[in-house]
Structures are given as structure tokens and as C-alpha cells.
Amino acid sequence: MSAQKHVDTILEDLVKLKDTSELMLDLAYSSLLLNSKELAEEVQKLEEFMDQLHTDFELSILSFDFKPEESKGFLGLIRLGVVTEKIADAAAEIAEVVLREIEPHPVLKMAIEEAEETVTFAQVSENSSLNGKTLREAKIPDKTGMWILVMKRGDTWIRPRPNVVIMAGDVIVASGYAEGEEDFKTLVSVERQAED
Amino acid sequence: MVELEKIEYKPISIRELLVEIKDLSELMIDLAYSAALFNSHELAEDVLDLEKHVDTLAYMLNMNLMIAARDAEDAEALLGVSTVSSSANKISDAAADIATIVLQGLGIHPIIREAFERVEEPLLRVRIDPNSILVGKTLEELDLASKIGIDVLAIRRRNEWLLNPEEDERINGEDVVITRGAPAGLEKFEKIAKGEVRKLED
């Protein structure tokens, strides 16, 4: 493997570790909010994926032909990997509350989403005005009062980062007051509106 | 010698404490990764400071939980709350671990850092100059998301942190503001915050 390719592999794994651990956290909190075993199991599955990824990442770093003066930077990377693993473990513990059927206390729901009244989802239509926009540009919370929990593209869960570009076919899971649900579904699934 | 806040029972709602622990732990992860990316000791120190604060909040939450549980049924009902709070606390510890990597001067390898910068949305920590045009304006008036494509994640005012600040929050001189968003927008915001540029839009 060329050095450049090797660096790319390490980077790719690190980004995946970071994204997966944070996604697990979003899913874990969502599983509590929805009292959804399905989402909680998704978190557990991702935990197994994390373990494998973390091992690959560490092996990749250890097999890099680095100079002695670079060792600090590589130790930093290894420790960063350990941190993502800790975050993933914490997320798995949260999901376990749901899987163990500990009755989620109302306080939990209130803490996760203060305005939580309802949770809903909608699929982005080809004609939706959101298609091709970033989440920041889409301003879904401003327009509908609904807060985005997580997104799904095909089989992949996506964290709702402001710079994520929305694509037709994406499923957006959101929560908020029941009044916003209709607006949310219209915005996401119905044709482009006159304002655009 | 590390200064720790003295833990005294205060009747704060369990919900408020849990919201704060959860929000802080999430902000801390973002701050910590940015500290690693930019090798920023200031951000790393902020993270360590927040970590101590989260510990204090977690102790207070535990005390309030103990008082709230009067029988076996209460204990069962509150178990989930204490588990989630302890998990969120672990996340804040993980963020502090990243901050420590930075402060120990380990950092992350520069080649990786360059590449990481390309995939991660950057974060900016800037102190507001008292002469900046931002001073006295509310976030709603500034409308930074529409105008320059950035979001305000937190404001540090002296020793107090405001997370996900409300739209009617006013920016004061000497506030430390943490924002995230488009690199061009952040660059502009930094100049405006420092009072070098006097307009938000061209």
C-alpha cells in the first residue's frame, strides 16, 4: 500500500468511527423517545460494527511506517479511536434501557425533546422543495416546528448535521408538537410550493 | 491542586438537570474534536472546564433522584433516568479525554488533520470585541444562518455557558461565541466579532 493510500484508509476509518459513534447516540436517544426496540437494536448492531472498525483502525495505524518523531501524532490517533469507542459504549447503555424494558420515565422524554408531543417521519419526494438542499438551508424546524431526530437513506442511518444534503427518497424522522406534523409532511413529501 | 465545586443539595428539577447534562455532553464532543483538529488549547481548556461542571450536575441529579424515590415503584421508574445521566456523563468524560490528548501535546498527525478538515464542518471560537457591531444585537436580528450560513452553538459569558441560545438572546462584548458552519461565513464572522469588519452583508 502506498503511504498516501494508507493515510486515506486511516482517515476513512477515523471518520467512520466518529460518525458511527455519534449516530449511535442520536439513535439511542431516539429509541428512548419512541420507546422503540427496533431503534435500540440498531444501536446494538452498530456497536458490533464499531468493534470491528476500531480493530481495523488500530491495525492500520500500527502497520504504518512512521518515523520516530511522528509517533506522538499516531498515539493521538489511537487515543481518539478509544474515545469513539467510549461514546459508542455510552450510546449502547442508553439503548439498553429500552431493551431491558425499563419503563422510560416521562422525565426522560421531556429531557430529550422538550416540546415532544409526537414523532413522525416522511419520505422526501422527487418534487419536494427540500430535494438538493442542505438541512441548514431547508430550515425544517423554523418552517414546521418539528425537530429532526435522524435520517435514513436506503439502509444507512444519517446524522442530521446542518451540512447534510437532502436527497429524494431520504426518510426524515422528526418530533415536535402535533400541529406541526401536517406541515412537516407537506414540506417533505409534497410537490414544490409556489414560494420556490 | 484541582479546584472542585462544592456539592450542595439544591432543589433543581430532575428534568432541567438531565437536559443540561445531555446538551453539555453533546456540545463537549463537538468542542473536543475541534480542539483536536485545530490543536486549540483554549477549546481544550473549555472542555475540561465543562467536564467538571457536568460532574457537579450529575451529583446534584443523583441527590435529587434519591430524594424523589420513596418506594420500589419510584426506584424502578427512575432507574432509566439515572442510567441515561451516567451515560451522558461518560460521554463528557470521553470528550475530556480528547481535550487531554490536545493538552498533552500529542495532537493528531498533521496529514490526517488536513484530510479531516475537509470532511468535518469547522467550528469557530471567538471573543466578541466590545466595539463589534454584533454587540447588543439579538440572534434573531443577526439571522446568521440565512446571511452567512453559520449557527451559534453556545455562548460563554464569564463563567456561565448558554447552550443552544434562544433567538432573543443578545450578544454582549467579551462573550465567547462558538459557531459552526460554512468556512467563508466563519471567516467573516471572526472578522466582524473582532471589530475588523463593520457589516454583516456585502
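This is a predicted model: local features need pLDDT of at least 70, side-chain atom pairs count only at pLDDT 80 or more; totals for chains, interfaces and linings use all residues.
View 1. Residues are numbered from 1 along each chain as its sequence is written, while chains are lettered from A and ligands numbered from 1 in the order in which they are written.

**View 2. Helix α1 of chain B spans residues 14-37.** Helices are DSSP runs (H or I, at least four residues), numbered from the N terminus. The 24 residues of α1(B) reach 35 Å from first C-alpha to last. The expected span is close, at 34 Å (1.5 Å times one less than the number of residues). Of the 24 residues, 20 are buried, so α1(B) is largely enclosed by the rest of the structure. Buried means 20 or more other C-beta atoms within 10 Å of the residue's own, with C-beta atoms placed from the backbone.

**View 3. Chain B meets chain A through 36 of its residues.** They are in contact with 33 residues of chain A (C-beta atoms, placed from the backbone, within 7 Å). On the chain B side, α1, α3 (72-103) and α4 (110-119) each give two or more residues. The largest share, 14 residues, comes from α3(B).

**View 4. Helix α3 (residues 71-99) of chain A crosses α3(B) at roughly 175 degrees.** Their axes come within 9 Å. Axes are lines fitted to C-alpha atoms over the stretch in contact, and angles run from 0 to 180 degrees between N-to-C directions. The crossing makes α3(A) roughly antiparallel to α3(B) (angles over 145 degrees).

Terms used
A residue is buried if 20 or more other C-beta atoms lie within 10 Å of its own, exposed if 12 or fewer, and partly exposed in between; C-beta atoms are placed from the backbone. Two residues are in contact if their C-beta atoms, placed from the backbone, lie within 7 Å. Angles under 35 degrees count as roughly parallel, over 145 as roughly antiparallel, 65 to 115 as roughly perpendicular and the rest as oblique.
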